[in-house]
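I opened this notebook page to record what I looked up in one model, beginning with the chain as a whole and then turning to single residues.

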Amino acid sequence: MILKKKLLLLTTLILIGLSSRNSYAQENLITNYGAIGDGKTLNTEALQKAIDATFANGGGILIVPKGKYLTGTIELKSNVDLHLQKDATILGSTVPGHYRSLEMKGRPESPKKDDNSQLALIVAYKASNISISGTGTIDGQGRELALHVDSLHHAGIVIDPDYSTRSNRPNEKMRPKLLRFSTCKNVSLTQANFRNSACWGLSFELCTNLELDGLTIYNRAYWNNDGMDITDSKNVKITNCDVNSADDGICLKSYYIGYANESVYIANCTIRSGASAIKFGTASYGGFKNVTIENIQVFDTYRSAIALESVDGGIIENIKVSNVVAKNTGNSIFIRLGHRDGKQPGTIRNVHMKNIKVQVPLGRPDINYDIRAREPSQHHNPYPASITGIPGHNVENVVLENIEITSPGRANKGQAYIPLSRLKDVPEEIRGYPEFTMFPELPSWAFYVRHAKGIQMKNVGLKLDDYDFRPALVFDDVKSIDLDNVNFPESLNHRQIVLKDVTAFKTNAENNKQVRVMD
């Protein structure tokens, strides 16, 4: 009898819970508001009506059933879950006039105001508890849309004042993103497929409690096709995502002074990129704090596997990167403190990278891409990984542990050459655009470190596919270096560690045989 009463009570509680959940999570179909999934009918008004009605009723699940629903800009509102069923597609219009930006009163001012596109297929501002779920697709038809923008400019109908005559394409400000969410709280994107933006793919700024899980992002329709961009947001979790982008894969940006990307977790993602796989910057006004990155697979990526850049006065601190495998990737690690903008240079400190394995090819990794990155204008030998500050401003406390980098070798003095006696000739590029190719030529094949303090390398294996006349490691103006078990190819018989203006250097006996000190 007691057992029966307990079971009855448990059943009653479950039913009450289900009833309460169903009363909040109302389900509705976009087709109830006139949406037609034939891929031809413009559904902007019908979709917005469905979102507004769901919002007005206290929220719920708005279902996009099987079909292709053509639309311009729609605004997602609080407590609405846009659920894409299998074989359901929200299809971006290819008509530029079908897109709009939101008026965002009260948003902080950025020193680079309107530096990127304010237009998007799906927008949200100051919304809470919003989500996109399901296994359907959001397709921006970005190439056709971008080419339409281009045609309007050349026809003199809609002039792009920043049109790039060098690259023969409209500026990104004229091209819509797939998503642009600003100043939102409790945002969740799960499972869905995102494709073919005319600009960046998924863009989030000043958001709190952002979760992206199990997404498939294929963004290779046009230029500036980042996979996702996270700007000055807190409590961010990006997991189990597959990103294939023509530009940066997962990119953290900071446009707002006094704000930062903070408490960010990125894990279990696969990235293929025409630029860098995971990048902090280039916009770096506020900062990037307390970021953990782990279990990342990178392949066929033109630029860096990991790039940390502060060039606008921002702070990068407390960064942990572990368990990264990168194959056919143009550069392994790029850490850059510069002073492109801002009142004073920022800081980079407390970076710990471990269990990193990178294979760098001789040729360009994106040779089979339809959209390929622009090569540097100067002749150069293969670039090493680099950690560089600027005079008077050091990158501080970088630990590299259990690292394996395979470089292509085949450097040739006839291709480009900076002798070790002229290390001062490596330009500072204080205001240069941060990229691993920013220095015309570097004098080492594995790591180049300048203007730094507190560099530790432990269990680092440096390999070559072919001979390289340059030394493996060059340290220039570095305070406090600790090398423990750094291994070089046995075939190299010249000294692989070069020190210039270095203080507090420490290493084990075997590595000490490899040291050469420059005046």
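My entries on this structure follow.

**Basis.** I am working with a predicted model, in which local features need pLDDT of at least 70 and side-chain atom pairs count only at pLDDT 80 or more, whereas totals for chains, interfaces and linings use all residues. I number residues from 1 along each chain as its sequence is written, and the side-chain values use heavy atoms, with hydrogens and water left out.

**Whole chain.** I looked up the secondary structure and found four helices and 31 strands; these are DSSP runs numbered from the N terminus, helices being H or I of at least four residues and strands E of at least two. For the overall dimensions, I noted that the C-alpha trace spans about 80 × 75 × 40 Å along its principal axes. The radius of gyration is 25 Å, which agrees with the value near 24 Å that a compact globule of 519 residues would have; the radius is taken over C-alpha atoms, and the globule rule is 2.2 Å times the number of residues to the power 0.38.

The accessible surface comes to about 21900 Å², of which 48% belongs to carbon and sulfur atoms; the areas come from the Shrake-Rupley method with a 1.4 Å probe, and for residues only the protein chains shown count as cover. Of the contacts with a separation of 6 or more, 75% come from residues 24 or more positions apart, a contact being heavy atoms within 4.5 Å.

**Asp-465.** I found Asp-465 in the loop between strand 28 (447-464) and strand 29 (473-487), and with a relative accessible area of 52% Asp-465 is exposed. Beyond its neighbours within four places in sequence, Asp-465 is in contact with Val-360, Thr-406, Ser-407 and Pro-408. I also noted that its C-alpha atom is separated by 8.3 Å from that of Arg-410, which is 55 residues away along the chain.

**Aromatic pairs.** I count six aromatic pairs in the structure; rings of Phe, Tyr and Trp (its six-membered ring) pair if their centres lie within 6.5 Å, and planes under 30 degrees apart count as stacked, over 60 as edge-to-face and the rest as tilted.

Tyr-417 is partly exposed, at a relative accessible area of 39%.

**Backbone.** I noted a cis peptide bond from Gly-281 to Thr-282, with omega near 10 degrees, and placed Thr-282 in strand 22 (residues 278-284). Asn-268, in strand 21 (residues 261-273), has a positive phi of about 60 degrees although it is not a glycine.

How values were computed:
Buried means under 20% relative accessible area, exposed over 50%, partly exposed in between (1.4 Å probe, protein chains only).
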